[in-house]
Amino acid sequence: MRQDKSKRKSEWISASDVGRSEFCPNSVALKYAGAKPSRRAVAAQDRGNLKHEQFNRQISTDKRCYVASYLYGMEDQRTETLRQFRDNTLDYMPGGRILIAVYYRLSPMVIEISKKSSWVDLVLRRIVDRLVLRAEQRGKNHDS
Amino acid sequence: MIHELLIFIAVVAVLFIVWRQRRDSLVDELGIEGDLIWIDGGRHTKPFFNRAFKVFGKPDALYRTRTGVLSVEYKSRNGPVFESDVTQAFCAALAARGDGYRVTEVLIKTSAVQEIFKLPSSDKALFDRIQPAVAHARQAKFGHAVPSRPELKKCRSCGFRGDCNDSAA
């Protein structure tokens with residue numbers, strides 16, 4: 001039974017492997033056979049990752065200006081918690097999308113004010129900290 | 001009665017403003033008119049899983065547009081969009097559909113160009129489009145024999161060419 005389960009799991013295939021297989025199936029076979037990519041390929045991959053990060057930052061901050069990203073950083077776990085709350089809970093609530101739209105409209109202005117005023121920054125941080133806490137509790141309740 | 005009318009007018013006005021803002025909003029530098037609803041935040045962001053087809057993956061971003069959900073695949077290199085980019089993007093879109101995002105279009109952007117592809121509406125038809133590549137990838141994963149596609153340009157850019165007996169480079 002355990003063997004069946006592990007076999008089922010291993011049938012999962014990633015989109016990047018599927019893309020690579022279109023490029024050349026043998027390159028996927030070599031990867032799974034344990035071949036190590038060349039140094040040049042690893043360096044190119046690192047450069048690609050960096051450009052991806054820049055691209056993501058650009059599209060997410062140009063127009064989105066997430067308050068959480070501003071307060072905690074894009075990669076922070078608290079930012080991720082709020083993103084999940086937005087996508088998995090708020091987005092499905094009645095009026096949730098309007099709330100999200102209003103939030104996106106207001107957040108650049110809120111961030112600008114917060115940058116200029118330390119007490120607004122402090123209040124904002126407290127409010128968002130509390131929101132993170134609630135979102136985490138909600139996530140835990142949902143999991144259990 | 002007048003109060004109720006005023007409240008009704010106020011509600012309609014607020015809805016109209018929100019609608020106008022949404023309509024005019026977010027034509028970003030990709031030329032996408034829509035709301036950014038998901039972004040790949042790096043290695044901490046979990047991929048999407050499609051249990052029906054056993055594929056997983058992450059697009060770089062998802063936007064909600066007027067026609068549905070648009071998935072963005074970014075390639076940092078210069079040059080055109082290759083078939084392998086399209087296949088990867090379609091597979092990531094299928095994975096996102098498995099987690100409830102009805103992806104209807106895919107935008108693939110390189111540093112030089114960007115192209116938009118419309119997706120089939122059914123998941124099965126989308127899977128059929130990428131099925132040969134999925135089958136080859138699974139065979140390769142299980143250690144079965146798979147074909148190689150040696151071409152000078154491809155092999156030069158392949159990180160495994162040192163271990164490949166069929167390399168054209």
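Strands here are DSSP runs of E with at least two residues, helices are runs of H or I with at least four, and both are numbered from the N terminus; two strands pair if DSSP finds at least two bridges between them. The model is predicted: local features need pLDDT of at least 70, side-chain atom pairs count only at pLDDT 80 or more, and totals for chains, interfaces and linings use all residues. Residues are numbered from 1 along each chain as its sequence is written, with chains lettered from A and ligands numbered from 1 in the order in which they are written.

Within this pair, B:Leu36 has B:Tyr63 of E4(B) as its bridge partner.

Next, display E4(B), residues 61-64. B:Ala61 and B:Tyr63 on one side, and B:Leu62 and B:Arg64 on the other, are all buried (20 or more other C-beta atoms, placed from the backbone, within 10 Å of the residue's own).

In the hairpin, four residues lie between the strands, and B:Gly68 takes a positive phi near 150°.

Now move to E3(B) and strand E1 of chain A (residues 13-14), which pair in the parallel sense over two bridges. A:Ile13 has B:Val55 as its bridge partner.

Finally, select the whole contact, with 52 residues from chain B and 45 residues from chain A; contact requires C-beta atoms, placed from the backbone, within 7 Å. Among the elements of chain B giving two or more residues to the side that touches chain A are helix H1 (2-24) and helix H3 (123-141).

Note on methods. Contact = placed C-beta atoms within 7 Å. Buried ≥ 20, exposed ≤ 12 C-beta atoms within 10 Å, placed from the backbone.
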